[in-house]
Amino acid sequence: MKTARQQTIVQLLTRYDTLTTAALSAQLGVSIETIRRDLNALQTQGKIVRRHGRARMLHSPQQESSEPFRNRLKSHYADKADIARHALNWIDEGMTLALDASSTCFHLARQLPDIDLTVFTNSVPVCQEIVRRQNITLVCSGGRLDRAERCYVNPALPGLLKSLEIDLFIFSCEGVDAAGEMWDSTRHNAVFKAQLLRRAQQSLLLIDKSKFYRASEVKIGNLSLVTQMITDVKTDTPHR
């Protein structure tokens, strides 16, 4: 019954875009508390967003097949936002950061304070967020635009990195397999991450529980290359 009810909620939000908790309660004939629990579960799954007693779809289903970045953004939405919040503990004023084109780093960009920082990235959504911060110096990798992945592809990246001293590279990946190998879905994103891992003084992997024991198309490198990891899975690895 719970699964069927949550599917109905998604169908209603797809149809009406946004509905109040009270309206959903009346429509489905269950208590507001039951609706709240359902909405919490759906938000954790990355299907909806809750705000001020209302709920809405994260994006329309018609976009799913054509926009991989939006698909990643909706997946485990709340978990990624929380992981990104913990990453703020690693960031100090005056640092030079590199952020990849992952949805988790987009969550981090949205939470960054407007302080003296330099941010280097290949991500279009991250650039769009950082441009709003008056005190952050933004350096974009430039290059050819991959619209589906919402990132830039620049073959001249090694030369560009020579002019930057990266204090901390923050990134995510498509999966980490049982051998500790990190994977990504596209070659250009995997190359970007591999190069930044070698260049940065420290690195921070942001990874939610859905990505463990998973492989993808292109190997980035081994977890041994990473300074630290923030995840929602309990591990024996101490976090800062």
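This is a predicted model: local features need pLDDT of at least 70, side-chain atom pairs count only at pLDDT 80 or more; totals for chains, interfaces and linings use all residues.
**A partner across the chain**

Which residue forms a stacked aromatic pair with Phe 192? The partner is Phe 120, and the two ring centres are 6.1 Å apart, with 20 degrees between the planes. Phe 120 sits in strand E5 (residues 117-121), while Phe 192 belongs to helix H9 (residues 187-199). With 72 residues separating them, the pair links distant parts of the chain. Is Phe 120 buried or exposed? Phe 120 counts as buried because its relative accessibility is 0%.

A second stacked pair joins Phe 169 and Phe 171, with 4.8 Å from centre to centre and 5 degrees between the planes. Phe 169 and Phe 171 are both buried. The structure holds three aromatic pairs, and here are two of them side by side.

| Aromatic pair | Centre to centre | Angle between the planes |
|---|---|---|
| Phe 120 and Phe 192 | 6.1 Å | 20 degrees |
| Phe 169 and Phe 171 | 4.8 Å | 5 degrees |

These four residues also belong together: ring pairs link Phe 120, Phe 169, Phe 171 and Phe 192 into a cluster.

**The chain as a whole**

Now step back and look at the whole protein chain. How many helices and strands does the protein chain have? There are nine helices and 14 strands. Of its 240 residues, 48% are buried. Among contacts with a separation of 6 or more, 59% are between residues 24 or more positions apart. The protein chain exposes about 12,000 Å², and carbon and sulfur atoms supply 48% of that area.

Next, follow helix H1 (residues 2-16) to helix H2 (residues 21-28): their axes come within 11 Å and cross at roughly 125 degrees. This angle makes H1 oblique to H2. The crossing of these two helices, H1 and H2, is right-handed. Arg 5, Thr 8, Ile 9 and Leu 12 are the H1 residues that meet Leu 24, Gln 27 and Leu 28 in H2.

Helix H2 has a further neighbour in helix H3 (residues 32-44), where the axes come within 9 Å and cross at roughly 110 degrees. That makes H2 roughly perpendicular to H3. On the H2 side, Thr 21, Ala 22, Leu 24, Ser 25 and Leu 28 take part, and they meet Ile 32, Ile 35, Arg 36 and Leu 39 in H3.

Arg 36 lies in helix H3. Arg 36 is partly exposed, because its relative accessible area is 37%. Leaving aside residues up to four places away in sequence, Arg 36 touches Thr 21 and Arg 50.

Thr 96 is found in strand E4 (residues 96-99). Why does Thr 96 count as buried? Its relative accessible area is 13%, and so Thr 96 falls under the 20% limit for buried residues. Not counting residues up to four places away in sequence, Thr 96 touches Thr 118, Glu 165, Ile 166, Asp 167 and Leu 168.

Conventions
Residues are numbered from 1 along each chain as its sequence is written. Side-chain values use heavy atoms; hydrogens and water are left out. Rings of Phe, Tyr and Trp (its six-membered ring) pair if their centres lie within 6.5 Å; planes under 30 degrees apart count as stacked, over 60 as edge-to-face and the rest as tilted. Helices (H or I, at least four residues) and strands (E, at least two) are DSSP runs, numbered from the N terminus. Buried means under 20% relative accessible area, exposed over 50%, partly exposed in between (1.4 Å probe, protein chains only). Contact means heavy atoms within 4.5 Å. Accessible areas come from the Shrake-Rupley method with a 1.4 Å probe; for residues, only the protein chains shown count as cover. Axes are lines fitted to C-alpha atoms, for helices over the stretch in contact, and angles run from 0 to 180 degrees between N-to-C directions. Angles under 35 degrees count as roughly parallel, over 145 as roughly antiparallel, 65 to 115 as roughly perpendicular and the rest as oblique. A crossing is left-handed if the near helix is turned anticlockwise from the far one by less than a right angle, and right-handed if clockwise.
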